Amino acid sequence: MSTEEYAYLLPQPNPLTQPFWDAAKRHELVLQECGECGKLRHPPAGICAECGSEAIGWRTMSGRGTLYSHVVVHQTALPSWRAAVPYNIVMVTPDEAPEIRLYGNVIDFDDSKLKVGLSLVAAFDDATSDDTIIRWRVADADV
Ligand SMILES: [Zn+2]
């Protein structure tokens, strides 16, 4: 599907976030890390809040995480999303950085069974020929 045909919102990368989206396209979850002290951070930033360094690196994550919080949307102001309700929005803590929260959706799962603490794995949705969106699946052990 082309970007023009996709009905929903797509990533709008900037120079700081482009490596995150490039990795998603390779079906990898990466987080930005400080090039000096190694502290992971998200969303990407130009300076480390820990040590003040402007050196930037990227670290590949396992793709495993834990459901931190969730909501189920039943009404939306976005016309193109009205056909999709109800849908969930989740916050996920990656295993390697539990202080970080990633937003996404849990797919292929009954929204009424979502609960904090579920083990999740990243799922790479090739939404268009140019855009891969990171969503989440419940890990087999928690189904
Ligand atoms: Zn640092």
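Predicted model: local features only at pLDDT ≥ 70, side-chain atom pairs only at ≥ 80, totals over all residues.
Residues are numbered from 1 along each chain as its sequence is written. Local features need pLDDT of at least 70, side-chain atom pairs count only at pLDDT 80 or more, and side-chain values use heavy atoms, without hydrogens and water.

Me: How many aromatic pairs are there by the ring rule?
Reply: The count is four. Rings of Phe, Tyr and Trp (its six-membered ring) pair if their centres lie within 6.5 Å.

Me: Why is the pair of Tyr-8 and Trp-81 called edge-to-face?
Reply: Planes under 30 degrees apart count as stacked, over 60 as edge-to-face and the rest as tilted. Here the planes stand at 65 degrees, with the centres 4.6 Å apart, so the pair is edge-to-face.

Me: What makes this pair a tie between parts of the chain?
Reply: Tyr-8 lies in the segment before helix H1 (18-25), and Trp-81 in the loop between strand E4 (64-73) and strand E5 (87-94), so the pair joins parts 73 residues apart in sequence. Helices (H or I, at least four residues) and strands (E, at least two) are DSSP runs, numbered from the N terminus.

Me: How do you know whether Trp-81 is buried or exposed?
Reply: Buried means under 20% relative accessible area, exposed over 50%, partly exposed in between (1.4 Å probe, protein chains only). Trp-81 has 17%, so Trp-81 is buried. Tyr-8 has 30%, so Tyr-8 is partly exposed.

Me: Which aromatic cluster includes Tyr-8 and Trp-81?
Reply: Tyr-6, Tyr-8, Trp-81 and Tyr-87 form one cluster.
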